[in-house]
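Please look over the sequence and the model shown here before reading on. The report then takes up the sheets, a helix packed on one of them, and the salt bridges.

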Amino acid sequence: MHSPRERSEVRPRAGWMVMGKGGRPSALQVCRVVAVFLSLFPSVSLQCKILKCNSEFWASTSNSAPEEEFCTALRTYTSCVRRTARTCRGDLAYHSAQHGIEDLMSQHNCPKEGPTSQPRPGPPLLPQSPQLLPDTQERSDGPEVCHYERSLPRNAAPPNYTHCGFFGDPHLRTFNDDFQTCRVEGAWPLIHNKYLSVQVTNTPVVPGSSATATSKLTIIFKNFQECVDQKMYHAETDELPGAFADGSKNGGDRHGANTLRVVEKVPGQHVEIQARYIGTTIVVRQVGRYLTFAVRMPEEVVNSMEEGDDQDLYLCLHGCPVNQRINFRSFRARAAEGSGRSRSSAFTYQTARAKCKERLPVEDLYFQSCVFDLLSSGDINFTMAAYYAFEDVKMLHSNSKRYHIYEKDSFLGNRAPGGQDLLLLLNVLVVLLCCTLHL
């Protein structure tokens, strides 16, 4: 019996179809899949030029050509993608292109060093639906290989399940139970590992405000040879489908529909995606005009990554970059002192607290997030966003003692040091200096 980590080392890299030398046309489908990603994230494509690299590669390989020419085109494609690294680093399509190039070069035995060429002009690349190759390889593995817990070695310790949530203006609870309030406008990766990738697009809630909320969400379940075809789930405001982008509700017929499936709990409001083969459950909701995301995932899957991957911007694992975090405590203190209405809100600090108390009686960080959202946006729906985020914690978090999380438990990087923090640090330094001089 092999764990997902062990199985991935003897299989082609997850996320890309098996393509022999006779299947060269499928290389074009790689570009088309990436083009679909970019069409979903226009705010990113204005800065990230990965689409140009994809279209040039597609044009240069649109007609059959000798293997040597195909390898030359791949090396040219590699150089183009490398030049986009700075602007595309946080983009899902950029990482997908990187993995696709590596697999294609391996499958066609292309040397990394060699000549490159200018691409031949061709028609523009239009967004198309991803097309998947049928998997005709014979397998001897039984259905248990597609059930995460059953695939673990005998007598192994039970897996440690972790949780990440993303909701509201937005608020992030990482796999390490750090709680942050962030700006992160535009497209950002929440999860990126061997088995799946999740990307959100956040838009400003109120013009001129630093608060944003999630208006688009894309989840890529990568091709896993024993169990599922590659599947994409895409949701956006007023469009929460009960199926994958190709219209299917499961990951294929390899080992039954339950290996990967979409379950529509409440049409247009609540969808659950169950990925049994990696022990993962994802909950996506639309509350008001915006989306929320929650996931339960084994720690082994959380930390899995392809060789060469850079996960610095993987929000669920590392949190939001420091320059993207909102000083949650200072905002609340100013609101409490002023006792008046925010310019963008019909709520005072007292009325916001009273409204949040109706749904969230415990004054933890979910309650505080609710207050923040009402003051920053005036949108009453954010009360329910915080409420459902906590309900998802109760369903997905493995430790009932950690359901509630309080400010003293939260990640210190969630706020910049204030005057009281600096004064405390100064006092500590003075005491240490006095002790040193005394000795």
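What follows describes selected strands, helices and side-chain pairs of this model.

The model is predicted, and for that reason local features are reported only where pLDDT is at least 70 and side-chain atom pairs count only at pLDDT 80 or more, while totals for chains, interfaces and linings use all residues. Residues are numbered from 1 along each chain as its sequence is written, and side-chain values use heavy atoms, with hydrogens and water left out.

**The two sheets**

Helices (H or I, at least four residues) and strands (E, at least two) are taken from DSSP runs and numbered from the N terminus. Two strands are said to pair if DSSP finds at least two bridges between them. Strands of a sheet pair through backbone hydrogen bonds, either parallel or antiparallel.

S4 and strand S5 (residues 196–204) are joined in the antiparallel sense over 6 bridges, with Val200 in S5 as the bridge partner of Trp188. In strand S6 (residues 212–221) lies Lys216, whose relative accessible area of 18% makes the residue buried (under 20%, against over 50% for exposed and in between for partly exposed, with a 1.4 Å probe and protein chains only). The C-alpha atoms of Lys216 and Thr237 are separated by 6.7 Å, although the two residues are 21 residues apart along the chain.

**Helix H14 and its surroundings**

How many residues does H14 have? H14 has 16 residues and reaches 22 Å from its first C-alpha to its last, close to the 22 Å expected at 1.5 Å a residue, where the expected span is 1.5 Å times one less than the number of residues.

Thr281 has its place in strand S10 and is buried, with a relative accessible area of 19%.

**Salt bridges**

Side chains of opposite charge can pair when their charged atoms come close. A salt bridge is counted here when a side-chain nitrogen of Lys or Arg is within 4 Å of a carboxyl oxygen of Asp or Glu, and by this rule the count comes to 8 salt bridges. Three of them are set out below.

| Pair | N to O distance |
|---|---|
| Arg402 and Asp177 | 3.5 Å |
| Asp392 and Arg285 | 2.8 Å |
| Glu391 and Lys394 | 2.9 Å |

The side chains of Arg402 and Asp177 meet in a salt bridge. This pair links distant parts of the chain, 225 residues apart, with Arg402 in the loop between helices H14 (381–396) and H15 (419–438) and Asp177 in the loop between strands S2 (171–173) and S3 (179–181). Arg402 is partly exposed at a relative accessible area of 24%, whereas Asp177 counts as buried at 11%. Arg173, Asp177 and Arg402 are linked in a network of salt bridges.

The side chains of Asp392 and Arg285 also meet in a salt bridge. Asp392 lies in helix H14 and Arg285 in strand S10 (residues 280–287), so the pair ties together parts that are 107 residues apart in sequence. Asp392 is buried at 2% relative accessibility, and Arg285 is buried at 9%.

Glu391 and Lys394 are 3 residues apart in helix H14, and are thus separated by about one helical turn. Glu391 is partly exposed at 25% relative accessibility, and Lys394 is partly exposed at 35%.
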